[in-house]
Amino acid sequence: MNVLKDKKAWFIFITPALLFYLGTVFVPIIQSLNYGFQDWNGIKDARYIGLGNYIKMFNDPYFWNSVQNNLVYVVIVVLMQVFIGLFFALLLSYIKKGAGIFRTLYYLPAVVVTVAIAQMFRNFYSLQPLGLLNMFLDWIGLGHLQSAWLSNPDTALIAVSIPEGWRFTGMYMVIFYAALIAIPKEIEEAATIDGVNGWQLIRYIKLPSIKHVLSLALIMCTTGALRGFDIPYIIGVPGSTTELVTTYMYKRAFSTNQYGYGSSIAVFIVIESLLAVLLIRAIFNSRKGEA
Amino acid sequence: MRSKKTAWSFLLYFIVIMILIVQIYPVAWLMLSSFKSSIELTTKPFSLPSVWSFDNYVSVLRESNLLLYIKNTAIVTFSCLLLIIFLSSTAGFALVKMNFKLNSKLLLFFTVGIMIPIQVTLIPLFIMYKDFGLLNSYLALILPQVGFALPLSILIFTSFYSYVPNELIEAAVIDGCNIYQVFYKIISPLTINTTITVASINFVLIWNDFIFSNTFTNDKQYKTIAVGLQEFIGAFGATDWGQTFAAISISIIPIIIIYLFLNKYLMSGVSDGAVKG
């Protein structure tokens with residue numbers, strides 16, 4: 001059909017989207033790479049310093065501290081979103097009546113404005129005035145455990161990670177649930193006839209069937225947590241206990257105007273995310289032989 | 001056998017409801033608290049409000065810029081949605097249904113965008129917008145939101161178009177349609193559900209955006225709700241929680257209502273995105 005080979009029409013359909021994409025996503029990335037090699041504060045002339053920013057980064061203890069915090073953040077967020085999300089989805093897949101309503105309501109936290117969630121948790125964690133969590137501890141007779149969770153250096157990082165994990169657990173549940181109910185019923189029935197018990201059914205039939213979705217969710221969730229920003233930025237404590245790589249980059253760039261140094265940290269985030277993707281893919285592919 | 005089954009089913013519902021409470025209780029508690037006086041907030045935190053008071057709402061609406069922020073958020077979100085739907089439906093159509101060698105490479109180029117962290121573009125975009133005098137404008141928020149929404153939106157549209165039979169297009173052409181008429185008269189009406197899916201996913205993401213608003217606006221004239229809500233944080237410990245909760249409730253009620261109406265479409269977008277992707 002000639003009409004589908006109309007070059008002019010093709011350009012008219014694609015060019016606007018391509019321009020938006022190039023201008024707001026692609027060109028800035030190239031510029032970020034470029035700024036990463038410059039010493040620039042936005043006012044005086046930029047100066048190329050080669051790998052200077054990267055060398056500075058590798059010798060910057062605050063940077064490494066943020067990397068370390070970020071890894072803890074990733075672990076907590078992944079555990080909550082992927083593992084708890086999978087657990088919810090499995091439970092829900094056995095429910096016959098009302099699964100749709102539960103699914104809708106579990107997802108609800110994911111649509112609430114991040115700042116609202118951050119503020120809400122700031123209240124829950126508060127000691128002065130007494131927040132919900134501390135009130136609850138008092139109510140169940142564990143009042144001696146009360147703490148200012150966000151400013152206590154031992155708990156601050158965990159306290160800023162939990163809201164992020166909590167709000168998207170329902171989203172991952174929706175993804176896993178959709179995959180679980182898409183498994184053909186015949187496979188389950190055949191296995192049950194063969195005498196497979198409930199746990200074996202999950203371990204050897206259900207989980208392997210949704211392996212593709214699991215690896216994708218793990219990639220989404222890990223890269224999402226590597227670039228986690230909002231909640232730690234909004235309710236994190238000043239200082240370094242809750243500093244993540246993104247919040248550190250943000251402060252370097254927008255509070256101290258080190259645009260060059262900030263850009264090199266941003267490039268680090270991209271590389272780190274790519275490595276995570278490759279690592280997760282490698283782990284899942286190596287398991288192929290076993291299954 | 002039967003009693004064992006009933007017990008299992010009872011336990012199942014019990015756990016599922018417990019989880020539901022953990023997921024929903026914080027939000028419900030917050031909304032209930034917004035109707036309480038500050039004394040009641042501290043003395044009876046878990047009970048229902050003894051008197052349903054709208055004082056917090058009245059003072060928030062009177063003293064803060066909350067309505068302005070909601071208006072700004074609505075302007076930005078709806079402009080973005082219109083652009084996203086227009087751009088991704090047309091580009092997706094050309095990429096799937098038109099015959100050009102470049103298509104598969106372009107589609108890959110677009111979808112790579114899903115992986116890109118927003119933070120990488122913040123510094124260059126900030127500098128660009130500063131140079132063009134775009135900081136503190138709706139445009140500074142709309143442009144990047146649209147750019148970052150395109151990869152996923154195009155992907156969702158392409159997966160729909162791939163199910164549309166070519167015979168349909170052929171028939172329309174025989175009837176005398178040109179390519180633009182084929183798109184607007186034949187294809188677009190078929191994509192209503194996909195369009196709602198794309199719109200509802202992006203609605204939630206853009207309405208909730210914090211990082212772009214926080215970086216590109218500081219003038220309250222252009223602040224969105226996500227950034228504006230922060231104004232309720234007082235000096236440490238000095239937050240008026242009653243008012244803060246009322247402000248949060250005002251900002252989340254519209255999105256919760258929209259979500260409950262559109263959740264079918266949102267769910268299908270979220271689950272298909274991952275399951276088929």
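1. Basis. This is a predicted model, where local features need pLDDT of at least 70, side-chain atom pairs count only at pLDDT 80 or more, and totals for chains, interfaces and linings use all residues. Residues are numbered from 1 along each chain as its sequence is written, chains are lettered from A and ligands numbered from 1 in the order written, and side-chain values use heavy atoms, with hydrogens and water left out.

2. Extent. Chain A puts 88 residues into the contact and chain B 100 residues (heavy atoms within 4.5 Å). The two chains bury about 8800 Å² between them, 78% of it on carbon and sulfur atoms. Buried area is the accessible area (1.4 Å probe) that two parts lose on being put together, summed over both. In chain A, the residues losing the most area to chain B are L4(A), W10(A) and F13(A), together 10% of what that side buries.

3. Polar terms. Polar contacts link 22 residue pairs between chain A and chain B, both residues at pLDDT 80 or more. Such a contact is a pair of N or O atoms within 3.5 Å; within protein, one must be able to donate a hydrogen and the other to accept it, and residues adjacent in sequence count only if both atoms are side-chain atoms.

4. T114(A). This residue is buried, at 3% relative accessible area (buried means under 20%, 1.4 Å probe, protein chains only). T114(A) touches R167(A), D230(A), I231(A) and N208(B), leaving out residues up to four places away in sequence.

Notes: Buried < 20%, exposed > 50% of the residue type's maximum accessible area, 1.4 Å probe, protein only.
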